[in-house]
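Let's take a friendly look around this protein. We'll start with its pocket and then move on to its charged pairs.

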Amino acid sequence: MTAGHSHPGLLDRMVRGSLGWLDGARGHFRPPANVTTDADPNLTLKPLGELAELTQLIGVLHPREDIRQTARGLFAFAWNETKDGELFAELIRGEPFATYPVELYGVFAQAGLRHAEVDELVRTTTRLRGWRVAREDHTRTLGVLNAERRIGLRQHADFSAVLALTGLGGLPEPWALDRKAAYGVTHDVFHLTDWGRNRQRLSPELAGYLRLWLPSWLENWLEEQLWDLVGELLAVTACLPKAPHDPAAWQRLADAQAADGSVPELGAAPSSGDPDEVFTACYHSTLVTAFAATLARIAADEAEAGPSGGDPALVGGRTPCESESAP
């Protein structure tokens with residue numbers, strides 16, 4: 001089902017509200033002073049990396065200039081918090097086999113923000129034997145390979161071969177998909193399509209499998225009110241050719257969004273007034289909502305334009321603002 005005339009307005013309000021809340025929460029994305037020591041990067045750098053990944057895309061692809069401007073401001077903030085890339089040099093010097101500094105740097109490199117020492121370091125470390133050790137998490141390996149491509153490095157493994165080992169590549173029995181596996185499938189799609197920028201990389205077989213089973217998965221996690229996963233599944237839906245549209249699912253996600261623009265990861269908005277707890281409970285699902293609504297907005301515009309309208313989210317096609325890949 002394609003979007004109705006009021007749907008783009010709903011999507012724009014959801015993106016604008018999400019970005020407004022994220023903008024007000026900037027301080028919570030700032031890495032702590034001990035980020036380069038033994039601190040867990042999932043707690044110290046992951047939120048900043050996710051902010052950069054998704055606001056960079058929104059800042060380039062969203063059709064509305066006011067929304068792009070807000071997203072570009074958040075992306076510029078994220079780059080500033082890396083000390084214009086110097087943070088990545090420190091991380092790589094401290095952990096030469098670690099993949100997360102390369103994954104995070106790839107987001108900025110794709111946008112044209114480079115650091116000469118980081119470029120030199122990654123050219124060296126990604127050729128080390130320790131870098132090529134096989135990882136059990138094949139979805140994560142797709143993310144690493146995507147980062148290598150973004151930076152302009154030779155990929156350390158064959159992307160298609162790794163994809164075949166993932167949850168999506170194996171076309172898992174849909175009725176057995178638990179929460180962890182579902183997140184794996186969504187991220188397989190994101191890494192394969194470069195977060196929706198290169199959707200033609202989704203093969204007809206994978207697209208057909210997803211088109212068939214996404215409605216059931218969506219309904220399942222809508223019932224559980226796991227809004228974070230609902231948002232990711234809606235983003236995957238928007239990556240499909242001639243993306244189907246589920247107005248009821250979007251309305252339910254919109255109803256879960258608080259007046260301040262935040263979206264809780266699970267259930268109702270946090271009852272605690274502690275800012276740190278509220279941030280932890282909402283930041284990722286709020287980012288995902290803005291991301292998913294942006295991809296759905298692009299799909300709605302394509303449906304409205306018809307076959308001759310092109311595909312602005314595909315690499316090689318014209319984007320709504322081609323020249324604005326960096327803030």
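## The pocket

Which helix supplies the largest share of the lining of the largest pocket? In this predicted model, that helix is α11, with nine residues in the lining.

The largest pocket holds about 1,300 Å³ of space. Its lining is made up of 42 residues, and K46, E50, R140, H187 and H191 sit nearest the centre. Sort the lining by type and you get 16 nonpolar, 13 polar and 13 charged residues.

## Charged pairs

Side chains of opposite charge can pair up when their charged atoms come close. Here the count comes to 22 salt bridges.

Take D66 and R16, whose closest N and O atoms are 3.2 Å apart in a salt bridge. D66 belongs to helix α5 and R16 to helix α1, so the pair ties together parts that are 50 residues apart in sequence. D66 is partly exposed, at 33% relative accessible area, and R16 is partly exposed as well, at 36%.

## Buried partners

E302 and R199 form a salt bridge with closest N and O atoms 2.8 Å apart. This one links distant parts of the chain, 103 residues apart: E302 is in helix α15, while R199 is in the loop between α11 and α12. Both E302 and R199 are buried.

D194 and R197 make a salt bridge too, at 3.5 Å between the closest N and O atoms. D194 is buried at 3% relative accessibility, and R197 is buried at 10%. They also belong to a network of salt bridges that includes E53, R149 and R150.

Key. Residues are numbered from 1 along each chain as its sequence is written. This is a predicted model: local features need pLDDT of at least 70, side-chain atom pairs count only at pLDDT 80 or more; totals for chains, interfaces and linings use all residues. Side-chain values use heavy atoms; hydrogens and water are left out. On a 1 Å grid over the protein atoms alone, a cavity is a set of points where a 1.4 Å probe fits but cannot get out, and a pocket is an open set with protein on both sides within 12 Å along at least five of seven lines; lining residues have an atom within 4 Å of a point. Grid points are joined across faces, edges and corners, and a volume is the space filled by probe spheres set on the points. Helices (H or I, at least four residues) and strands (E, at least two) are DSSP runs, numbered from the N terminus. Ala, Val, Leu, Ile, Met, Phe, Trp, Tyr, Cys and Pro count as nonpolar, Asp, Glu, Lys and Arg as charged, and the others, Gly among them, as polar. A salt bridge is a side-chain nitrogen of Lys or Arg within 4 Å of a carboxyl oxygen of Asp or Glu. Buried means under 20% relative accessible area, exposed over 50%, partly exposed in between (1.4 Å probe, protein chains only).
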